[in-house]
Amino acid sequence: MIHIEKLKKVYSNGYEALKSIDLKINEGELVCLLGPSGCGKTTILNLLAGLLDPSDGDIRFGNESVIGKHPKDRGIGLVFQNYALYPHMTVLENVMFPLTVGKNKKTKSEAMEIAKKYMKITSIEELADKKPGEMSGGQQQRVAITRALVQNPRILLLDEPLSNLDARLRLKIREEIRRLVKEIGITTIFVTHDQEEALSISDRIVLMNEGIVQQFDIPQNLYLEPENLFVAKFMGNPIINLIDMKKDGNVLKSKDFNIDLNLLNKDRFKGELTEVNYIVGIRPEYFELSTNPLFTAEVESIELIGKDCIINFNVNETNAKSITDISKKVSEGDKIGFDIDYNGIYLFQENGVRVY
């Protein structure tokens, strides 16, 4: 298990990259650090790896603090974004290399035997005699992961390992990474800014912003039960629709439609609605086409996404999106009716705190 307690990182220029992070990552778990650029996810990875020293706090692998420990003594395998393979070495030599240096170095025959074992697991045996310049990006990535695994690390750290690959290959490699680390049973921390990648590969996701953990949860909960407005906005593609509304008695009112608070699920309220102004979040799939509509709007544009299409329209003087089946045959300029599935409504205070 990895214990991160009150971890802070302040750089010499005063920039506070991490603001007291607390995380517990279970043995064998695959956790993604997700968030926009500059949120602190790579800083956490570098602190775990020992490439940076924290300003405060502790990191423990099991019961042992690793603060002050040299990276090579932490029992980690690290895969960088740029693969960092030795261009003059063959694949076999690259994979063997970590086993031939350091105080625990193996004989050449031992190193070759271990290397070939892991190359078989990662399906790169046929690349043994090739050099990095002769391989595709996906093949190089497999080699980099194999080289990290060959050291039998306690923890595997992956820093945006798929960002240099095309979309189709990224999909294939991330499935392979998930299968591989689960098969080996290694605790894995995976840094990415791509929510789709994180949702598809993770056991749990740490969503960060401005050096603070916004939510640490299973993937579906970040989408279905966001803890605050930032999480709701970050998760989902297309992004959630946000509409300013005012509370008047038991009704939330806007220019184009109202929401009856009595119809909301009482078990989902996270406190009393004591304010006047609220931000209402409605995901595109919960704006439904209707012949008995809550409001009507003109279709401004349509985007096709496979069997569905995204309808762009204006409501309450705000750009909004709805997702519907392409069989509905909606066209630009059509005036169509919308209803709202109340199961897909979220309420936030203006400061971003979720109240429903």
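This is a predicted model: local features need pLDDT of at least 70, side-chain atom pairs count only at pLDDT 80 or more; totals for chains, interfaces and linings use all residues.

Me: Which element supplies the largest share of the lining of the largest pocket?

Reply: Two elements that each give at least two residues to this lining are β6 (76-79) and α4. The largest share amounts to four residues, and the element they come from is β6.

Me: How far apart are the end C-alpha atoms of helix α3, and what should its 14 residues span?

Reply: Helix α3 covers residues 108-121, and at 1.5 Å a residue a helix of 14 residues should span 20 Å. The distance between its end C-alpha atoms agrees with this expectation, being also 20 Å.

Me: Why do the buried residues of α3 line one face of the helix?

Reply: The residues concerned, each under 20% relative accessible area, are Ala-111, Ala-115, Tyr-118 and Met-119. An α-helix has 3.6 residues a turn, so residues three or four places apart point the same way. Seen down the axis of α3, the buried residues line one face because they fall within an arc of 105 degrees.

Me: What covers the buried residues of α3, and which exposed residues does the face turned away from them carry?

Reply: The cover over the buried residues includes α2 (91-96), α4 (137-149) and α5 (167-184). The face turned away from the buried side carries the exposed residues Ser-109, Glu-113, Lys-117 and Lys-120.

Terms used. Residues are numbered from 1 along each chain as its sequence is written. Side-chain values use heavy atoms; hydrogens and water are left out. The expected span of a helix is 1.5 Å times one less than its number of residues. Buried means under 20% relative accessible area, exposed over 50%, partly exposed in between (1.4 Å probe, protein chains only). The arc is that of the directions from the helix axis to the C-beta atoms. Contact means heavy atoms within 4.5 Å.
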